[in-house]
Amino acid sequence: MRLGIWAPLPHTIRAEPEMERAIAELGTAGAGDAADTSFEFAARILQQAEEAGFSISLIAERWLGPDLESWVMASALSQRTQRMELMVAAHPGIVTPQAVAKMGASLDRISGGRFAINLVNGWWPDELNLFGNGGWLESSADRAARLGEFVRVLRGLWTQEAFSFSGRFYTVDKASLPLKARRSPPPIYAASRSPEGKALVAESCDVWFADYVPDYRLYDDNLAVMTQEIAEMKALAAGHERELGIGLSAHVICADTQDDAHAQAEEMLDYGKRSRIAAVAARGLGAGLVGTPELLAQRIETYSRIGVDCLMLRFHPMAEGLTNFAEEVVPLLRERLVIDGAAIQPEPADG
């Protein structure tokens, strides 16, 4: 099991004082200190996560918002982290796979082989139309087809010397990428929900993010559906003689009592009703990681058993929640799971 953390950005976490101050600065010309508040916040959280044993971070992309651009952010974060894999989000329809192949290889070099990519079809037409110059596609089948071509071009440029491709959305004629990534190819993560997209992920991507209904009270129902879908995705990948990793994104609420955890979850659900952006942060409650340390450890162990091998977590407040998880839950996981490819042994008793 790999422990991952969402890089805290304006649209990925519930607002807290430091991020609110950062948002005010980001939206005001001339405001802020020499060191950007939002970047310093994210860098500090990722450093804290590295020290706690987290091995991967997702740097999400929100074009219509005050967020720093994800590729620029990840490049800077690569110089403030040492071991953490940096998964950068990219939207087909806004950036081309040819450009992403070059940018990804560059970041992989700069970071010492720590780059990964998360492909996101997007859900916001205004965002795709503005920054993709009319890039929104109404049909989910068309979006899946574009994603499929995107992956084929991206992987082709990363692995072949004279790559050609002719599709509806992208064309490449005997192209070679002179700059080579350190990892060949860097891992590709995706979260497609359509049947066409899931088939593509199983055939061509490395990790698929499982989905759920965004309600922490439906943990048992969500677990049953995820168990079936994960088995189906792994079977699809096996049909292509491939192994597919499984990721799961979650907002974690760890409390001393179940009642306290549920009260915090209800407050988070109310927050998520404020806007479409707030709903992004609240949605993660659907993974059901809401409860006492023992319950969280049990549920993470269950997720591992059904095939999840990468957790992408966020907390509120971020620093306090991360500290609480590291101190209260990770020691329990040490006794039950293999974390990041190496067995983590319980801490020796004093004396």
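A charge counts as sitting over a ring if NZ of Lys or CZ of Arg is within 6 Å of the ring centre and within 35 degrees of the ring normal. The model is predicted, so local features need pLDDT of at least 70 and side-chain atom pairs count only at pLDDT 80 or more, whereas totals for chains, interfaces and linings use all residues. Residues are numbered from 1 along each chain as its sequence is written, and side-chain values use heavy atoms, with hydrogens and water left out.

**View 1. Arg314 over the face of Trp6.** Arg314 lies over the face of Trp6, at 4.0 Å from the ring centre.

View 2. The structure holds nine aromatic pairs (rings of Phe, Tyr and Trp, the last by its six-membered ring, with centres within 6.5 Å; planes under 30 degrees apart are stacked, over 60 edge-to-face, and the rest tilted). Helices (H or I, at least four residues) and strands (E, at least two) are DSSP runs numbered from the N terminus. Tyr219 counts as buried at 7% relative accessibility, and Tyr303 is buried with a relative accessible area of 0% (buried is under 20% relative accessible area, exposed over 50%, partly exposed in between, with a 1.4 Å probe and protein chains only). Arg299 lies over the face of Tyr219, at 3.8 Å from the ring centre.

View 3. Phe115 and Trp158 are both buried. In another part of the view, Phe54, Phe315 and Phe325 form one aromatic cluster.

**View 4. Salt bridge between Glu85 and Arg2.** A search of the whole structure finds 20 salt bridges (a side-chain nitrogen of Lys or Arg within 4 Å of a carboxyl oxygen of Asp or Glu). In one of them the side chains of Glu85 and Arg2 meet, at 3.4 Å from N to O. The two residues are 83 residues apart, with Glu85 in strand 3 (residues 85-90) and Arg2 in strand 1 (residues 2-6). Glu85 is buried, with a relative accessible area of 6%, while Arg2 is partly exposed, at 21%. Arg183 joins Arg2 and Glu85 in a network of salt bridges.

View 5. Arg62 forms a salt bridge with Glu127, and the closest N and O atoms are 2.4 Å apart. Arg62 belongs to the loop between strand 2 (56-59) and helix 3 (70-78), and Glu127 to helix 5 (residues 125-131), 65 residues apart. Both Arg62 and Glu127 are buried. Lys198 forms a salt bridge with Glu229, with 3.6 Å between the closest N and O atoms. Lys198 lies in helix 7 (residues 195-204) and Glu229 in helix 8 (residues 219-239), so this pair ties together parts that are 31 residues apart in sequence. Lys198 is buried, with a relative accessible area of 16%.

**View 6. The largest pocket.** On a 1 Å grid over the protein atoms alone, a pocket is an open set of points where a 1.4 Å probe fits, with protein on both sides within 12 Å along at least five of seven lines; lining residues have an atom within 4 Å of a point. The largest pocket has a volume of about 1,000 Å³, a volume being the space filled by probe spheres set on the points, which are joined across faces, edges and corners. Its lining has 32 residues, and Val120, Trp123, Ala191, Arg193 and Arg283 lie nearest the centre. Strand 4 (115-119), helix 6 (140-159) and helix 10 (276-283) each supply at least two residues of this lining. By class, the lining of the largest pocket has 15 nonpolar, nine polar and eight charged residues (nonpolar: Ala, Val, Leu, Ile, Met, Phe, Trp, Tyr, Cys and Pro; charged: Asp, Glu, Lys and Arg; polar: the others, Gly among them).

**View 7. The second largest pocket.** The second largest pocket holds about 220 Å³ of space. Of its 15 lining residues, Val252, Ile253, Gln264, His316 and Pro317 lie nearest the centre. Strand 10 (253-254), helix 9 (258-272) and helix 12 (318-328) give two or more residues each to the lining, and helix 12 gives the most, with four.
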